[in-house]
Amino acid sequence: MVFFISLFDLGGEYYCYASDITCSFPVNGKFTDDQKIIYQAVYDASRAVMKEVKPGVCWVDMHRLAEHTILEALKQHGLVQGDIDGMVEANIGALFMPHGLGHFMGLDVHDVGGYPEGTERIKKPGLKSLRTVRPLQAGMVFTIEPGCYFIQEVLQKAFSNEIQAPFLCQEQIRRFMNFGGVRIEDDIVVTSDGMELLTFVPRTINEIEAFMAKARETY
């Protein structure tokens, strides 16, 4: 039986406006216990950010919130150890999510406006990949796309890093080295008091498994 995770990053256009949606799902239709750990961590990070999105919120803080949520889950399941704030300071989050949390979207999938005059890119790992550092404003259209990946080259280097290694439970992490990764990407628009979710696909573990089971019955 195949136990791989498949990751599709795609989207359609509507009157020349782009969409960008990533779905991660088990190839055989059922998540293994390890796959559930990582998928649920990323899902929880996504929804934690969505709860906080509103005008005035700093996008950098949203990225940190996603990192924090994923690290909490990894700690709960024995892949990392120690103080979460210490992990964030040591850039442990960037080992598992090296990309930014999301990007503007409009006529272009990765739309312009991320770094207007007066803003500067942060040079720290993870944060340097952010597509913007701007506070959110009503009407902005964003992707929210946390992820968790096990990139062997990145993690092997961290195992030898005297600052990062104490936070990493190497034996447990090695168990996931052939895992690949999970990303969940949704499209949202910032409203006057929060956000509106524009993506409608199966997202929870139960929804995905039920959808794939129904597809097998159909085909």
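Modeller: Let us take strand 8, which is mostly covered, as five of its five residues are buried. Strands here are DSSP E runs of at least two residues and helices are H or I runs of at least four, numbered from the N terminus. Buried means under 20% relative accessible area, exposed over 50%, and partly exposed in between (1.4 Å probe, protein chains only). This is a predicted model, in which local features need pLDDT of at least 70 and side-chain atom pairs count only at pLDDT 80 or more, while totals for chains, interfaces and linings use all residues. Residues are numbered from 1 along each chain as its sequence is written, and side-chain values use heavy atoms, with hydrogens and water left out.

Biologist: Which residues of strand 8 point one way, and which the other?

Modeller: In a regular strand, side chains alternate between the two faces of the sheet. Here Asp-186, Ile-188 and Val-190 point to one side of strand 8, and Asp-187 and Val-189 to the other; all are buried.

Biologist: Which way do strand 5 and strand 8 run, parallel or antiparallel, and how many bridges join them?

Modeller: Two strands are said to pair if DSSP finds at least two bridges between them. Strand 5 and strand 8 are antiparallel and are joined by four bridges; Thr-143 has Asp-187 in strand 8 as its bridge partner. Strand 8 also runs antiparallel to strand 9 (residues 195-197), with three bridges between them. There, Ile-188 is partnered by Leu-197 of strand 9. Strands 8 and 9 form a hairpin, with four residues between them.

Biologist: Which strand is joined to strand 1 (residues 5-10)?

Modeller: Strand 4 is joined to strand 1 by six bridges, and the two run antiparallel. Strand 4 (residues 21-26) is largely enclosed by the rest of the structure, because five of its six residues are buried.

Biologist: How should I read a salt bridge, and how many does a search of the whole structure find?

Modeller: Side chains of opposite charge can pair when their charged atoms come close. The criterion is a side-chain nitrogen of Lys or Arg within 4 Å of a carboxyl oxygen of Asp or Glu. The search finds eight salt bridges. In one of them, the closest N and O atoms of Asp-186 and Arg-47 are 2.9 Å apart. This pair links distant parts of the chain, strand 8 and helix 1, 139 residues apart, and both residues are buried.

Biologist: Which residue forms a salt bridge with Asp-9?

Modeller: Arg-183 does, with closest N and O atoms 3.0 Å apart. Since Asp-9 is in strand 1 and Arg-183 in strand 7 (residues 181-183), the pair ties together parts that are 174 residues apart in sequence. Asp-9 is partly exposed at 40% relative accessible area, whereas Arg-183 is buried at 14%. A network of salt bridges links Asp-9, Glu-145 and Arg-183.

Biologist: What is the make-up of the largest nonpolar core?

Modeller: In soluble globular proteins, nonpolar side chains tend to be buried together. A nonpolar core is a set of buried Ala, Val, Leu, Ile, Met, Phe, Trp, Tyr and Cys residues joined through side-chain atoms within 4.5 Å. The largest has 57 residues, and among those with the most contacts inside it are Ile-38, Leu-74, Phe-96 and Phe-150. Elements giving two or more residues include helix 1 (33-52), helix 2 (59-76), strand 5 (141-144) and strand 8 (186-190). Helix 1 gives the most, eight residues. Contact means heavy atoms within 4.5 Å; leaving aside neighbours within four places in sequence, the contacts of Phe-96 include Leu-71, Leu-74, Phe-150 and Leu-168.

Biologist: Is Gln-35 buried or exposed?

Modeller: Gln-35, in helix 1, is buried, with a relative accessible area of 4%. Beyond four places in sequence, Gln-35 touches residues including Phe-3, Phe-4, Pro-26 and Phe-179.

Biologist: Where does Cys-16 lie, and which residues does it touch?

Modeller: Cys-16 is in the loop between strand 2 (13-14) and strand 3 (17-18) and counts as exposed at 53% relative accessibility. Not counting residues up to four places away in sequence, Cys-16 touches Gly-106 and Leu-107. The C-alpha atoms of Cys-16 and Gly-106 are 8.6 Å apart, although 90 residues separate the two along the chain. Tyr-15 lies in that loop between strand 2 and strand 3 and is exposed, at 68%.
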